[in-house]
Amino acid sequence: MIESPTVQNKTWYTRQGLWSLFLICALPIHLWTLILAVKDFSWVSERTNAWDAIGLLSYGMVFAFVESLAVTLAAVLLGFLISRQWEQGRRIALLSTLVLIAALWAMAGQLYFLWGISIPGTILGFLAGTGHPVRILYAVGLALVTPTVLIPAYLVLESDRVFQAVQEFSGRLALLAGLYLLIDAVCLVILVARNL
Amino acid sequence: MQPPIDRREFLKLAGLLSLSVSAPRFLPGTAAAGQDPGRQNVLVIVFDALSAYNLSLYGYPRETTPNLARLAGRAIVYHNHFAGGNFTTPGTASLLTGTLPWTHRAFRYNARVIEPREQDNLFHAFEDYYRVTYSHNPLVNTLLKQFNRDLDLYLPRERLFLANDGPIQNLFRNDEDIATTSWVRAVKRNEVGYSYSLFLTHLYEKYQDLKIEKYKPLFPRGLPNIRGDNYFTLEQAVDWIGSQVGDFPQPFIGYFHFLPPHFPYKTHQEFFERFARDKYKPVEKPEDIFNQKKSPATLLKWRSWYDEFILYIDREFGRLYEMLEETGILENTWVVFTSDHGELFERGISGHTTPVLHQPVVRVPLLILEPGRRNRTDIATPTSAIDVLPTLLHITGQSVPDWAEGTVLPPFTTDRQDASRSLYALQAVSNEQLSPLAQASTMLVKGSHKLVYYSGYDKLGDTGERIELYDLEADPEELTNLYPSQKAIGSELLDELQAKLEEVNRPYRST
């Protein structure tokens, strides 16, 4: 539901808005940790035991919780740069979108190594031939990333349909993020048990 | 390549043994005779994964240990000294408990000694001493922490790291290894290029880099490290010991276990590429069934890097000795130089994570530098890591406890060494701690013969076992398996080894 601008524009953030932003920040961070920690599970359990592997995953999830707090804080600070001419809901939706896009790019950057992707020799040859391969790579990266940030940002701010879609999508993802926070609580108990 | 010790030298040294036994340490040449042995200090310096095979002190063609060779001029040098296992946990546990891996049961990765034997350790035996320990290696720290109640000072490993994960290690002190491993996986991409963290990795890496920036030019292959960016230098550790040892309450026993020359082999710039273009060619050896598919070129490269890393530890040990000498502490301190296991670069295998027990991975250096000694004594008799504990107790005037399985080393006992004594080493990393040894490699050395018995490995096919017999005197490189041709001696040794295995497995068989 779109909030009333007359009430919401007076404050930067409501408690509900901050909670919603935190859940969105927590989601990709926890998801990525979970995927990689599960991937490491057998590696650890083979060398030590399953309890240590569970420990590794638990620490990972707790560290992910701390990272979520840090990223939320960064997003909140970034939010102060956004004009209050937009209502709080729209600003939260914008920040959520930016966090998700950044997370997707961060995942893509790691998948490059995770999947062992290598740049084809012809492209490498071309880059080397230009004399400025690093500059060109940065330029290509910028050309790819910039539109994926600017276009969604513009649409969230200017299009009610996109804004509503983002809000609905965020609402559903937030439910999933809530599940991860529940896992965090269990992991915290495991950490305490391991450190007693 | 010359063998580490040839037949002639072997016999010569064997001859020296009888002399050294009959002319013990009380004769001129040793200044310790007039001192009260009960008040003498002990410093045990362990360099991880240091193979005797690669030391010029023992005949390796590359000059890897000029400083050690110099110091050996006033030391007792053991030429056939064997570790208890082929990686840190069993090797160190045997050194610290004076018992074999099937007794202390710390043969799994990062394992602890079984609870009933927790008090049977070097530090408990030296209970009247001030006991201080340090190790870079977390596997060693697992054992040291188990013996913590017998320690007066356990220096956390991060204290001698350049940039460290100190807050994590301090926060989760009781679960340091897994907490640190998870932290490393969370925020450090390292060589793999990915981490659990999506956003903090780059920031964290920049912060850590700032802390080690000035040391980087000194190590062209990267700073020595363990588990990610736990960077250290030996200089830092040596300086710490040199500056602190004079302040330890006396008598003290110090156990310092440094990671080099363990992988990754990152030597100091002074030794960088020292052996890159020499003409050295290792003895060609057949591929082992347990080979890791490493090509001869790869093995040669790693060997050169390892040898260059040994030069670094040799320099730093020499420097440590000189620092200690300047303080005057050596007038009253025994210094032991040894390793927990070796390293090998042959038969398609690199490192020590392997089922094999060939000489480079189990034969380690042992030098004992006695206070006031001015000459060198060479001991060729096969000796074991489990002998170090009883020897240290003996030379400091203390009684050897019943639980110690080793014997006092020559020349410190007037008892003639039993020529038929059997020495063992064990690799059983996949076995459950409290189960009979189902998948294991076991070594028996008796006289000049060495028998290795492999059992339970999938790679061994239907028989599930492999037996090797070598004559170390005639074939120090272990090129010819004599088991098929010398059945008599082979069967005798195998029977003895299997009887021993039956004996050590018995308490762990379910009724």
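The model is predicted. The contact between the chains draws 27 residues from chain A and 20 residues from chain B, while the largest nonpolar core holds 124 residues.

**Contact between the chains**
- On the side of chain A that touches chain B, at least two residues each are supplied by α2 (15-47), α3 (50-79), α4 (88-114) and α7 (160-195) of chain A, and the largest share, 10 residues, comes from α3(A).
- By residue class, this side of chain A divides into 16 nonpolar, 6 polar and 5 charged residues.

**Nonpolar cores**
- Within the largest nonpolar core, the residues that touch the most other members are Ile45(B), Val336(B) and Leu367(B), and the largest share of this core, 12 residues, is contributed by helix α11 (residues 296-327) of chain B.
- Beyond its neighbours within four places in sequence, Leu367(B) is in contact with Ala72(B), Ala75(B), Ile76(B), Val77(B) and Phe337(B).
- A second, separate core of 48 residues includes Trp32(A), Leu56(A) and Ile92(A) together with Ile168(B).

**Strand β1 of chain B**
- Strand β1 (residues 41-47) of chain B is largely enclosed by the rest of the structure, because 7 of its 7 residues are buried.
- Asn41(B), Leu43(B), Ile45(B) and Phe47(B) point one way from β1(B), whereas Val42(B), Val44(B) and Val46(B) point the other way; in a regular strand, the side chains alternate between the two faces of the sheet.
- β1(B) runs parallel to strand β9 (residues 333-338) of chain B, to which 6 bridges join it, and Leu43(B) has Val335(B) as its bridge partner in β9(B).
- β1(B) also pairs in the parallel sense with strand β8 (residues 252-258) of chain B over 6 bridges, where the bridge partner of Ile45(B) is Phe256(B).

Definitions and conventions: Residues are numbered from 1 along each chain as its sequence is written. Chains are lettered from A and ligands numbered from 1 in the order in which they are written. This is a predicted model: local features need pLDDT of at least 70, side-chain atom pairs count only at pLDDT 80 or more; totals for chains, interfaces and linings use all residues. Two residues are in contact if their C-beta atoms, placed from the backbone, lie within 7 Å. Helices (H or I, at least four residues) and strands (E, at least two) are DSSP runs, numbered from the N terminus. Ala, Val, Leu, Ile, Met, Phe, Trp, Tyr, Cys and Pro count as nonpolar, Asp, Glu, Lys and Arg as charged, and the others, Gly among them, as polar. A nonpolar core is a set of buried Ala, Val, Leu, Ile, Met, Phe, Trp, Tyr and Cys residues joined through C-beta atoms within 7 Å. A residue is buried if 20 or more other C-beta atoms lie within 10 Å of its own, exposed if 12 or fewer, and partly exposed in between; C-beta atoms are placed from the backbone. Two strands pair if DSSP finds at least two bridges between them.
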